[in-house]
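Work through the following exercises with the sequence and the model side by side. Try each task on your own before reading its solution.

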Amino acid sequence: MEIANTAPQAGGLSGLLEKVCFTPAGLVGLAVLIVLPLIPPFNQEYLVRWLVQAAFIAALSVAFDFTAGYINIVNFGFCAIMGLGAYTSAILGLRTGLSPWVGIWTGAVTAAALGFVIGLITLRLRGIFAACLAWFFGLALMGLATKMVWLTRGPLGLRAPRLFETSSNVPYYYVILAMLLATYLVTRLLVKTKMGLAFQAIGQNMEAARTSGVNPVYYRIVNFTLSCALAGWLGGFYAHYYGILTPDMMHTSKTVEVLAVAYIGGRGSLWGGAVIAFPFIFAMELVRSSLSSLPGLNLIIYGLLLILVMIYYSGGFAEFYNQHFRKKEARA
Amino acid sequence: MSNNPTVSAVEWFKSAAGLTISLAVIAALAATIDRGPYILVNTVVTGGMLSLVAMGLALVFGVMNIPMFAHGEYFMIGTLVAYYVFTPMNGYIDQHTGTLAAALLPLVAIIVAGLAGGVMGVLTEKLVFSNLRKRSRENWVMNSFLLTVGLSVVLINLHQLIFGTEFKGIVGYWRGAPLSIMDVFISRDRCMAFVLAAVMVTAFWLFMTYTRTGRAIRAVSQDETGALIVGIDLNGILLLTMSMSCALAAFAGASLLFMYPSYPSVGLEPLYMAWFVVILAGLGNVLGAVVGAFIVALLKVLTVEYIGSGWEFVVPSVLIIIILIFKPSGIFGSEVRGILDK
Amino acid sequence: MLLEVKKIDAGYGFLQILRKVSLEIDKGEYVCLVGPNGAGKSTTLKTIAGLIKPMAGEILFEGHPITGLPGNKVARRGISYVSEEMNLFVNMTVQENLYMGAYTVRDKKLQKERLDFVYNLFPRLAERRGQLAGTMSGGERKMLAIGRGMMSSPTLMLVDEPSFGLAPQLTETVFDSLEILRNSGVTIMLVEQNVTKTLEVTDRGYVLENGRIQLAGKSSDLASDPHVRKVFLGV
């Protein structure tokens, strides 16, 4: 979707596109996503539900890639932080009657606060240690959500008010699509600034970055906080879409799902995960519903995909696309 | 360096390792006096087995530089193999309780499971990691970590696909009345689990210290190029390391089958715990992992005892996070260079 | 010829450093490879030692091709490489490090003999046999690295910058020990920054610049060569 290294294009439409971080192909993709729930067969409720799910994972993978692909820290507690946002929003909605539309933002704030703390603690540690620490935070959070039954009702599940009083999934789809777009634009615009360069420098070589005057502490915290804030924000949507929260949503395996999409899509691309999430979630759901006699097959496929991508194509779909299509585009 | 034993003992007590160990021992004793000796017994049994899993994890990181996220799945493979080997023997053992065969057959099941884990380790290295190593060593730690994440998903779901999600457990390996130690009755299985863990840890330590191959493994973990220069077959050592560490995990899983029935994600809890241990002790520090295992086991037992079950992930992880803030390389220090970004 | 390097190209990734480097070493010779920083001296040694796979060319050792063999197989053929970074096993004692050097020697008696030989050469190491390699001073580590390289009774020793970062007195010791080694029949290929000293002690030399062999000849001739004098000796 984005144009990163192409030569500046002359004004007009393409200049505008450049500013909003979309290539023509990306824009077409977005247009398709906007009309998709209106055209058969995608206007069936269960397919719209898949679409919502795909857009949700897509948005999470963009926020995840913002940390993993740029400062090279795998936030292994990502979904736990997303869950924190979800629980915050849901609990406030239940206890104080706060509107879910506001609650989503409170979720973002709490998640950001935790992200700030984790960033502060992990800033001295090398990638894998930071990942472990974030993971331990995630495990602790999930443990808390399970055990603080008076607040979260634990495994029984917490009912949260829904965003719309309708059984249709279509309005939810447009909300999450807008959130996906916002997540993408915010992260993309940020990495296009000087800050983005600093993130990449830190991700590649912390010491080199430090000696060239980049303050890794500051940028790591900024990056981590923002990524967590987005996760919490999306978590708020989760709460008010599904209407029920269980600690399971914070499980490491959920993070792994997001991670797989982000990496198969292409690390450091932001858009790769977002693009790949749609066919991916649909394929997974198809496998799951049509081969229900073989439980877990869809997960085996995605595990294998992750392994194959890591071994043979570590740049993921984004690299593949850039190599085979981007050139043609530039030439044309 | 001081040659005065008193001074060095005081120094040791003031070090992070000394402080933590002393505190752990005091806490264990206090809890034992408060609640009874079963605290100590539980800690020792859990810690023994945990040390096998954690040792393997530390080894794989120290030698191969792989932060293994799929280690619990080899524990799961151990439980699975032991279940399928042991269940057919059950009838025979029931009829022949008290015979030598009844005492030895469970061992056969556990050893077969350990070997199966070793074979799986070989397959993993050959099919997965050696391919990655051939293609790129850039950003190795992160890439291999993500590989193990994929591996974990595949193995868990293969189990579900082939063997289903139901609990495949056994009542116990060894029949007979529980043994009484320090006025606590402990089932024979628990006793044996501890004995087996102790034997394995000792054997492993002897192997690493006194054999040519063991020294070669340590050499690779300290300097890969140095190891190549002196003529050590690097790929062979990596293969052996992976196989050994998976075998240890499977062995632990098999020995604990009576507590952890086999199901797809049975490996997650030992994995979390082993990671706690390894981070606490210092990544790659294999002997530290043994001590760390007992400390984490104690933390778990104390948490369950005083705060309630379900908190055993919360309290240890919070404590470990706090320790990491002050001592990022773990309490025993890491053998791996550059934990902090230099 | 003990070692024949024929037109090798080598480098790291896409970065090519060596271009058609050829050199020969006969049994018992003491040969040096000198050149400015970044000329590819270490790369040459690493390629011979099997730590880098050459992109093109051939390496023969005792008449057999060893091109592209992994480092451990090269070591087993009798080539011992003492790297600039030393690559010691920092959490092992001095003695353990030395025994690791004799990893390919299965005979316990022979191992002990070699150990005594090294301790004889570097009495300092014998004093420190129980100390961890990681806690030693730079000079002692250098000695240990060279000592470890000798443990396998190599036919050919490749020594990279043994005097780098050493006090002058220790440098002498290192050169003396190489001399003793050479007198015991070991062929040595030496890479050094200290060009004056190196050309004094070695038989023959190669001059490497920008990844190419520029000059070759007797060390005494090289020492008086105007180009060498200008570039390296600043005269």
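**Exercise 1. The nonpolar core**

How many residues does the largest nonpolar core have, and which residues have the most contacts inside it?

Solution. The model is a predicted one, and its largest nonpolar core has 304 residues. Within that core, the residues with the most contacts are L234(A), V277(B) and V278(B). As a next step, take L234(A) and leave aside its neighbours within four places in sequence: the residues in contact with L234(A) are then F56(A), A59(A), L60(A), A63(A), M82(A) and M179(A).

**Exercise 2. The build of chain A**

Describe the secondary structure of chain A, and explain why chain A can be called as compact as a globular protein of its length.

Solution. Begin with the elements: chain A has 15 helices and two strands. Along the principal axes, the C-alpha atoms of chain A fill a box of roughly 55 × 50 × 40 Å. If a residue is called buried when 20 or more other C-beta atoms lie within 10 Å of its own, then 54% of the 332 residues of chain A are buried. Finally, look at the contacts in chain A between residues at least 6 apart in sequence, of which 76% join residues at least 24 apart.

**Exercise 3. Two sides of chain B**

Work out which elements of chain B give two or more residues to the side that touches chain A and to the side that touches chain C.

Solution. Take the contact with chain A, to which chain B gives 40 residues and chain A gives 38 residues. On the side of chain B, the elements giving two or more residues are α5 (100-135), α6 (140-163), α11 (268-281) and α13 (314-326), and the largest share, 15 residues, comes from α6(B). This side of chain B has 28 nonpolar, nine polar and three charged residues.

Now turn to the contact with chain C, which takes 16 residues from chain B and 21 residues from chain C. Here the elements of chain B that give two or more residues are α8 (212-222) and α9 (224-229), with α8(B) providing the largest share, five residues. By class, this side of chain B divides into seven nonpolar, four polar and five charged residues.

**Exercise 4. Strand β7 of chain C**

Is strand β7(C) mostly covered or mostly open, and which strands pair with it?

Solution. Strand β7 (residues 156-160) of chain C is mostly covered, since five of its five residues are buried. One side carries L156(C), L158(C) and D160(C), the other M157(C) and V159(C), and both faces are covered. β7(C) runs parallel to strand β6 (residues 79-82) of chain C, to which four bridges join it; in one of these pairings, S80(C) has M157(C) as its bridge partner. β7(C) also pairs in the parallel sense with strand β8 (residues 187-191) of chain C, over five bridges, and V159(C) has L190(C) as its bridge partner. Together with helix α7 (residues 168-183) of chain C, β7(C) and β8(C) make a right-handed β-α-β unit.

Technical notes
Residues numbered from 1 in each chain as written. Chains lettered and ligands numbered in written order. Predicted model: local features only at pLDDT ≥ 70, side-chain atom pairs only at ≥ 80, totals over all residues. Rg over C-alpha atoms; globule rule 2.2 N^0.38 Å. Buried ≥ 20, exposed ≤ 12 C-beta atoms within 10 Å, placed from the backbone. Contact = placed C-beta atoms within 7 Å. Nonpolar A, V, L, I, M, F, W, Y, C, P; charged D, E, K, R; others polar. Core = buried A, V, L, I, M, F, W, Y, C linked by C-beta atoms within 7 Å. Pairing = 2+ DSSP bridges. Right-handed = clockwise from strand over helix to strand, strands pointing away.
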